[in-house]
Amino acid sequence: MECVSSASYSICINGSLQGKFPGKRGLRQGDPMSPTLFLLCMEYLSRLLKVRTNTSIFKYYPRCEALKITHLAFADDLMLFSKGDLPSVKILIDCLNDFKNASGLDVNSFKSNIFTAGIVGDKLDNILNLLNFPLGTLPVRYLGVPLAAQKLNVNHYAPLYDRIASYINKWTANSLSLLVATSY
């Protein structure tokens with residue numbers, strides 16, 4: 001906490017630092033300590049999820065069960081996985097709430113969605129009432145890659161393939177030197 005609470009800032013004018021004032025709101029975006037502290041927080045969340053999902057009540061998403069995958073984190077994104085039953089979803093939400101109470105980090109419900117596959121009726125309504133996220137539709141693109149509950153066909157990957165091919169074509173056109181062959 002000393003790293004967070006004792007931060008101070010200076011303003012650089014014409015190449016020289018001027019003045020010094022204390023930070024009042026903790027870490028800000030771009031602070032060199034932010035990634036390290038965020039990783040420590042995600043490690044805490046990972047351990048919390050591992051302990052809480054290690055019960056007979058929690059049911060894994062079928063394709064994640066063999067490896068016991070409950071979540072994936074990339075940068076400041078987090079994906080949680082479970083079977084679509086109320087007790088499993090409640091365990092994940094309780095973990096997020098406990099994580100919020102311990103770290104002060106909260107899920108942005110305006111930037112979050114819940115994706116379901118094969119859950120309908122009262123079961124879906126009960127899950128949506130428990131969560132404060134809108135229902136998203138599958139397939140969804142994440143980092144340019146389509147994600148879905150069922151096997152995707154070639155058409156789903158066409159935009160990604162086209163973008164990669166366009167980058168390669170630009171790269172090869174810029175890197176090739178013009179050779180003129182003459183025969184005598």
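Reader: Where is N14 placed?

Author: N14 sits in the loop between β1 and β2. Keep in mind that this is a predicted model.

Reader: What is its phi like?

Author: Positive, about 50°, although N14 is not a glycine.

Reader: Buried or exposed, that N14?

Author: Exposed. The relative accessible area of N14 is 80%.

Reader: What do β1 and β2 form, and how many residues lie between them?

Author: They form a hairpin, with two residues between the strands. N14 is in that turn.

Reader: In which sense do β1 and β2 pair?

Author: Antiparallel, over five bridges. β1 covers residues 8–13.

Reader: Give me partners. Which residue of β2 stands opposite S8?

Author: P22. Y9, in turn, has F21 as its bridge partner in β2.

Reader: Next hairpin. How many bridges join β3 to β4?

Author: Four, and the two strands run antiparallel. β4 takes in residues 77–80. One of the facing pairs is A73 with L78 in β4.

Reader: What about the turn there? Which residue takes a positive phi?

Author: A75, with phi near 55°. This hairpin has two residues between its strands.

Reader: And K68, where is that placed?

Author: In the loop between α2 and β3, and β3 spans 71–74. K68 is not a glycine, yet its phi is positive, near 55°.

Reader: Is K68 buried or exposed?

Author: Exposed, with a relative accessible area of 55%.

Reader: Let's go inside. Which residues make up the largest nonpolar core?

Author: There are 10: M42, L45, L48, L49, F58, Y60, I91, L92, C95 and F99. The elements giving two or more residues to this core are α2 (34–52) and α3 (86–103).

Reader: Pick L45. What does it touch?

Author: L45 touches L78, C95 and F99, leaving aside residues up to four places away in sequence. L78 is the β4 residue opposite A73.

Reader: Which residues does the second core include?

Author: V89, I93, I114 and I119 are among them. That core has nine residues and is separate.

Reader: Back to the helix pair. How should I describe the packing?

Author: Two packed helices are described by the angle between their axes and the distance between those axes. For α2 and α3, the axes come within 10 Å and cross at roughly 145°.

Reader: Right-handed or left-handed, when α2 passes α3?

Author: Right-handed.

Reader: Which residues make that contact?

Author: From α2: C41, M42, Y44, L45, L48, L49 and R52. From α3: I91, L92, D94, C95, D98, F99, A102 and S103.

Reader: How do those residues of the contact divide?

Author: Into 11 nonpolar, one polar and three charged.

Reader: Now L86. Which helix is that in?

Author: α3. L86 counts as partly exposed, at 37% relative accessibility.

Reader: What does L86 touch?

Author: N126, I127 and L130, again not counting residues up to four places away in sequence.

Reader: And how far apart are L86 and K59?

Author: They are 27 residues apart in sequence and 10.0 Å apart in space, C-alpha to C-alpha.

Reader: Prolines next. Where does P139 lie?

Author: P139 lies in the loop between α4 (121–130) and β5 (140–142). The peptide bond from L138 to P139 is cis, and its omega is near -5°.

Reader: Now the whole protein. How many helices and strands?

Author: Five helices and six strands. Read along the sequence, they follow the pattern α-β-β-α-β-β-α-α-β-β-α.

Reader: What share of the residues is buried?

Author: 18% of the 184 residues in the protein.

Reader: Last one. Of the contacts between residues at least 6 apart in sequence, what share joins residues at least 24 apart?

Author: 40%.

Definitions and conventions:
Residues numbered from 1 in each chain as written. Predicted model: local features only at pLDDT ≥ 70, side-chain atom pairs only at ≥ 80, totals over all residues. Heavy atoms only, no water. Core = buried A, V, L, I, M, F, W, Y, C linked by side-chain atoms within 4.5 Å. Buried < 20%, exposed > 50% of the residue type's maximum accessible area, 1.4 Å probe, protein only. Contact = heavy atoms within 4.5 Å. Axes fitted to C-alpha atoms, helices over the stretch in contact; angles between N-to-C directions. Left-handed = near helix turned anticlockwise from the far one by under 90°. Nonpolar A, V, L, I, M, F, W, Y, C, P; charged D, E, K, R; others polar. Pairing = 2+ DSSP bridges.
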